[in-house]
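Okay, everyone, let's get going.

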Amino acid sequence: ATHMNKVLLIRSSIFGEDSQSLRLAREFLAQYPHSSVVERVLTPASMPHLTADTYLAMNKPEAELTAEDKARLQMSDTLISELEAADTIVLTAPMYNFSIPSTLKAWIDHVARRGRTFSYSAAGPQGLLRRRGSGRPRKLRELSAQQWRDVVLQPAQVFGFETDFWTTRRVHQVISRQVSAPVSRRAILRRLREERARRGAGAGP
């Protein structure tokens, strides 16, 4: 049987506990074992829509964030932390007037952050949140050569750093997020040497 460890349940219906989508979600969860459920209830009061100031703060390098910027990003940081901690995400998404509730769109706007939950590459947008599956973390060796290059061949500013150049520390921070597990700097240095030798030998992907 499928086992889900940590579930994040996103509730967006305007009908609260009387919601049909919530009833379906609870029936779904009842069929599969799980260790915990975090419920995020989206209402106009609990899920504010994105403002211009918050959007601008999302696109600033971390080193340039002011105290006011960090305060504006608190909601986004909290929501993303819930995503990162979850093994399974269950979305209740009713349809009103041919679309999803505006509170669910607001939630998406707060969690879609360049350099935190996604980045741009030559192949287009790439997600930075990795599925944990049964709870086992991904390993550094499972990161393909193309995925590795999608990180280190982009300017570091894409991932929220103040300048464009890469350091071992910066690579370590980004790759650790990519594999959703702690990675030693020694392993990062070893992989960097391997990729450098691969390019020197003219090897393909």
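So, is Glu17 buried or exposed? Glu17 is exposed, with a relative accessible area of 56%; exposed means over 50%, buried under 20% and partly exposed in between, with a 1.4 Å probe and protein chains only.

Quick caveats: this is a predicted model, where local features need pLDDT of at least 70 and side-chain atom pairs pLDDT 80 or more, while totals for chains, interfaces and linings use all residues. Residues are numbered from 1 along each chain as its sequence is written, and side-chain values use heavy atoms, leaving out hydrogens and water.

Overall, the protein has eight helices and five strands; those are DSSP runs, H or I of at least four residues for helices, E of at least two for strands, numbered from the N terminus. Of its 205 residues, 39% count as buried.

Back to Glu17: it forms a salt bridge with Arg11, closest N and O atoms 3.1 Å apart. By salt bridge I mean a Lys or Arg side-chain nitrogen within 4 Å of an Asp or Glu carboxyl oxygen. Arg11 itself is buried, at 11% relative accessibility. Arg11 also pairs with Glu39, at 2.9 Å, N to O. Glu39 is partly exposed, at 34%.

Next, helix α5, residues 102-111. There, Asp109 and Lys105 form a salt bridge at 2.6 Å, N to O. They sit four residues apart, so about one helical turn separates them.
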